[in-house]
Amino acid sequence: MSQLIIQNLTKTVGEKTLFKNIEFTITKGEKIGLVGKNGSGKSTLLQIIEGSIDADSLHKDHPNHYSISYLAQAPDLDPTKSVLETMFISDLAIVALNRNYERIRKQAEQEPNNMKFVEELVSIQEKMEDGGWDLNTAAKQALTKLGITDFEKPVGQLSGGQQKRVALARALIEPHDLLLLDEPTNHLDVESTIALEDLVKAYDGAVLFVTHDRLFLDAVSTTIYEIDQLTVYSYKGNYEQFLESKAIRYEQQQAEQSKLQNLYRNELKWVRRGAKARTTKQKARLDRFEDIKDRALLKNNEQDFDVNLATSRLGKKVMEGHALGMAFEDKRLFDDFSFILQNKDRIGIVGENGAGKTTLLSIIAGIIQPTSGTLEVGQTVRIGYFSQELPKFDENQRVLHYITEDSNSIETSSGERLSAVQMLERFLFPTSMHGTPIYKLSGGEKKRLYLLKLLIQQPNVLILDEPTNDLDLDTLAILEDYLDSFAGVVLVVSHDRYFIDRITTKLWALENQAVVVTLDSFAEYLEQKRELAKIEKQVVTPKQVAEEPKPKKKRMSYQEKKEWETIEDQIALLEEKIAASQSIIDSAGSDYEKIRVASIDLEANEALLEEKMERWAYLEEMASS
């Protein structure tokens, strides 16, 4: 069985050790979700496995010709290539075959009389029989499932989200032993995320992926890896089973921690007696003491994420929108949307990518003006806008200085005053990180720092645009608890189904150039959309046909009767011609001119046959009336 065995993996970045002597085995077909706190090294671990980052120590064992593919959070695509060209850019033999096939096919279509291209096309079509057609079909199906239907469009003309979907589709059709995905659900709409679940589950090789999407983890994972306390813990099963197993592990660790604390105190007494460390035995005991000290204090050094901050007073009038509409050039997003925001409202804004969700948030935040309608904002409203894209940091600025720009004294909801240092510690930034330049933070740590800066300004209306992207699961859970107790209004755009259902009580759904307001949960709304789509595609049953009033049949004219008498013979003759053309093609060998002529006849007779069959069905219905 194809396996990747990782042993003795240690990685230190600067003064921070991410993991120490970790080991795990990845088996063919496994779907492994990788979780852990922001900055714990999830992306780094993927890049070490892929080989683009070196480890301090690593033993890696796998079969010969074991192939690994890595898709980063922000894939770099050539904007000049078409979608289909991008799909077949790899040097894998079967992918290169498809790339050449698509190139030759285009040339043959552009110059149908150029026998060189016709001969090349026939030759490469024969080679495609050995798995090439399967990959070609899989590529187009993956793109379609992820909402990409124009295969010839240049990648540079796609949105960022569409480019991400093309990159995902490409990664999922290439045959590798191990596929590494870093936050694949970021910036995907819900339908694309659900389609991605099916594609990942169907992938023949193993998949190791980082994601914050708990429903995706639950649906896809067969195993969960958690980076915690410098090691990697492995849990069999999906996300729900991981939570159960982790709770049991914490109970066991608490008992072990108590024993370690007692052992540490005894060892500390020995060290303080001034024992000389000159012999090998005494040196070994000092080394053992250092190890016990690290393990005993490790858990104590962890902080709980606490966002118990005060909010400014919110008056009776919050915000009202009257007949709002928005359009960009010839694209209309929505029309005639009116609303009244009230205190404690929890509103989720949902819809497909490009529907106008972020635009609507920007209108409400006062960043842009609507093309029609008016917006009234209460005098006491203080908006905190958490944008999808991080602000432009001064990357050399220190973490502490970034926070103290606004205030060095922050009030909690209980009236307690905390310093910026204390607030950073509550936000999981230990003292050792306060002097760290921002450029050294991970993406999730930057987002958590940005969130702290926003909340210490004490907003009473929170506008959150995709807040779950890049935040770890622990931070998400605590953020959800904070929003439960938040005294003001929350409006959130998110494709995270769990997050939306967890915190919102009302949905604004952007669809068909309108904003639909519903009290349904996100799960209920999606289910209703799926059911409606089924109804629209439903084929009319014979019973339904029988119940519908049938139109009166026309009688045949004299010419139609004559046509009816001969049409079956005409159909039979066309079928004979089609069979003859196909026989010529099959037996022509390398006589490409004969193939070309026969193919033209075949195509023409098939088109005539289709017309005659439609005509026969019409006349047959009249004859039977």
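On a 1 Å grid over the protein atoms alone, a pocket is an open set of points with protein on both sides within 12 Å along at least five of seven lines, while a cavity is a set where a 1.4 Å probe fits but cannot get out; lining residues have an atom within 4 Å of a point. The structure shown above is a predicted model, in which local features need pLDDT of at least 70 and side-chain atom pairs count only at pLDDT 80 or more, whereas totals for chains, interfaces and linings use all residues. Residues are numbered from 1 along each chain as its sequence is written, and side-chain values use heavy atoms, with hydrogens and water left out.

**First stop: the second largest pocket**

Select Glu 352, Leu 510, Glu 511, Tyr 525 and Lys 529, which lie nearest the centre of the second largest pocket among its 32 lining residues. This pocket has a volume of about 710 Å³; a volume is the space filled by probe spheres set on the grid points, which are joined across faces, edges and corners. Next, colour the elements that give two or more residues to the lining: helix H7 (190–202), strands S11 (331–341), S12 (346–351), S19 (506–511) and S20 (514–518), and helix H17 (522–537). Helices (H or I, at least four residues) and strands (E, at least two) are DSSP runs, numbered from the N terminus. Which helix gives the largest share of the lining? It is H17, with 11 residues. By class, the lining has 12 nonpolar, 8 polar and 12 charged residues. Here Ala, Val, Leu, Ile, Met, Phe, Trp, Tyr, Cys and Pro count as nonpolar, Asp, Glu, Lys and Arg as charged, and the others, Gly among them, as polar.

Then select Lys 344, in the loop between S11 and S12. Its phi is near 75 degrees, a positive value in a residue other than glycine.

**Second stop: the cavities**

How many cavities of 30 Å³ or more does a search of the whole structure find? There are 2. For the largest cavity, with a volume of about 60 Å³, select Thr 185, His 212, Asn 469, His 495 and Asp 496, the closest to its centre of the 13 residues that line it. The lining of the largest cavity divides into 1 nonpolar, 9 polar and 3 charged residues.

The second largest cavity has a volume of about 40 Å³. To display its lining, select Phe 386, Leu 451, Leu 455, Leu 462, Leu 464, Pro 467, Leu 471 and Leu 479. This lining has 8 nonpolar, no polar and no charged residues. Helix H14 (443–455) and strand S17 (461–465) each supply at least two of the lining residues. Gln 458 lies in the loop between H14 and S17, and has a positive phi of about 55 degrees although it is not a glycine.

Select H3 (residues 93–110) together with H4 (residues 115–127). H3 and H4 pack at an angle of about 150 degrees, with their axes 9 Å apart. Axes are lines fitted to C-alpha atoms, for helices over the stretch in contact, and angles run from 0 to 180 degrees between N-to-C directions. H3 and H4 are therefore roughly antiparallel to each other. Angles under 35 degrees count as roughly parallel, over 145 as roughly antiparallel, 65 to 115 as roughly perpendicular and the rest as oblique. Contact means heavy atoms within 4.5 Å; among the residues that meet are Leu 97, Tyr 101 and Ile 104 in H3 and Phe 117, Leu 121 and Ile 124 in H4. By class, this contact has 7 nonpolar, 3 polar and 3 charged residues.

The axes of H3 and H5 come within 9 Å and cross at roughly 80 degrees, so the two helices are roughly perpendicular to each other. Residues in this contact include Leu 97 and Tyr 101 of H3, and Trp 133 and Leu 135 of H5. The contact of H3 with H5 divides into 6 nonpolar, 3 polar and 2 charged residues.
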